[in-house]
Amino acid sequence: MLGRLRKELEGSDVLAKRYQFHPAQHRDGVEVKIAGRKLVDFSSWDVLGLRSKRQVKWAVQSEVENGGLGSYSPRLVAGTTLPHLHCEQRIAQFLGEEGALLFSSKNQAVLSLVTAICSEKDVVLFDETMRSPIADAAFLVNAGAVPYPHNNLDALHDRLRESHKATNRLIIQEYLSPVSGLVCDLAGLISLAETHDAYIVL
């Protein structure tokens, strides 16, 4: 068997079809250098360029010194910790709100929010490029799940008109799309939601 696999690999080399691993040589924000070429790393999720900021790295080092290492960020793994509560208090103060709730991931936030506030009488509308379980969450509560083309407010307007019989309509939209790199027309989105008496989750 090993002999056959070697022959297949040799044949792949001849046809230039053998894949090679090229480790990242250098990272600078969202830029990465691989095999001598400068590329944009769309998988980093570092859209604000915070990963390489000195203040962020110092804060991480300080937290490691105080709390050690481990999987304490996801509440599903370690439960609620004092840093979770402190972060929520800071967010609430920054927004001028009574309280805030911190989720470990966008997927967890979407699942929790949609299943908590929607029912079979409601419709959830979402940008079709969003990479989170919106349709799954809507399915769990028998709500309608309606995608619309990326950054297309005219199409969203049509979907809102078609779903006018729903008790509530929830528009879920990413302000900055990690897929296209485009920001949504927030003023247009708000105006559309107000016209159709819909709610926005941004």
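## Briefing: hairpin, cores, salt bridges and a helix

Let's start at Ala35: apart from neighbours within four places in sequence, Ala35 is in contact with His22 and Gln25, where contact means heavy atoms within 4.5 Å. Please keep in mind that this is a predicted model, in which local features need pLDDT of at least 70 and side-chain atom pairs count only at pLDDT 80 or more, while totals for chains, interfaces and linings use all residues. Residues are numbered from 1 along each chain as its sequence is written, and side-chain values use heavy atoms, with hydrogens and water left out.

- Ala35 sits in the loop between β2 and β3 (37-40); helices (H or I, at least four residues) and strands (E, at least two) are DSSP runs, numbered from the N terminus.
- With 49% relative accessibility, Ala35 is partly exposed; on this scale buried means under 20% relative accessible area, exposed over 50%, and partly exposed in between (1.4 Å probe, protein chains only).
- Ala35 and Asn168 are 133 residues apart along the chain, and their C-alpha atoms are separated by 51 Å.
- Strands β1 (residues 24-28) and β2 (residues 31-34) run antiparallel and are joined by four bridges; two strands pair if DSSP finds at least two bridges between them.
- Arg27 has Val32 in β2 as its bridge partner.
- Two residues lie between the strands of this hairpin, and Gly29 takes a positive phi near 65° there.

**Nonpolar cores**

- The largest nonpolar core has 13 residues, and Val114, Cys118, Val124, Ile134, Ala143, Leu170 and Ile172 have the most contacts inside it. Such a core is a set of buried Ala, Val, Leu, Ile, Met, Phe, Trp, Tyr and Cys residues joined through side-chain atoms within 4.5 Å.
- At least two residues of this core come from each of α5 (106-117), β4 (123-127), α6 (134-140) and β6 (169-172), and α6 gives the largest share, three residues.
- Which residues does Val114 contact, leaving aside its neighbours within four places in sequence? They are Val124, Ala137, Ala138, Val141, Leu170 and Ile172.
- A second, separate core has twelve residues, including Val123, Tyr148, Leu160 and Leu189.
- As general background, nonpolar side chains tend to be buried together in soluble globular proteins.

**Salt bridges**

- The structure holds five salt bridges, each defined as a side-chain nitrogen of Lys or Arg within 4 Å of a carboxyl oxygen of Asp or Glu.
- Glu31 pairs with Lys38, with the closest N and O atoms 3.9 Å apart. Glu31 is partly exposed at 36% relative accessibility, whereas Lys38 is exposed at 66%.
- Arg75 forms a salt bridge with Glu88, and their closest N and O atoms are 2.9 Å apart. Arg75 belongs to helix α3 (residues 75-78) and Glu88 to helix α4 (residues 82-95), so this pair ties together parts that are 13 residues apart in sequence. Both Arg75 and Glu88 are buried.
- Asp158 and Arg161 meet through their side chains in a salt bridge (3.1 Å, N to O). These two residues lie in helix α7 (residues 153-162), three residues apart, about one turn of the helix. Asp158 is partly exposed, at 28% relative accessible area.

**Helix α2**

- Helix α2 (residues 54-67) has 14 residues and should span 20 Å at 1.5 Å a residue, which agrees with the 20 Å between its end C-alpha atoms. The expected span is 1.5 Å times one less than the number of residues in the helix.
- Gly68 follows α2 and has a positive phi near 75°.
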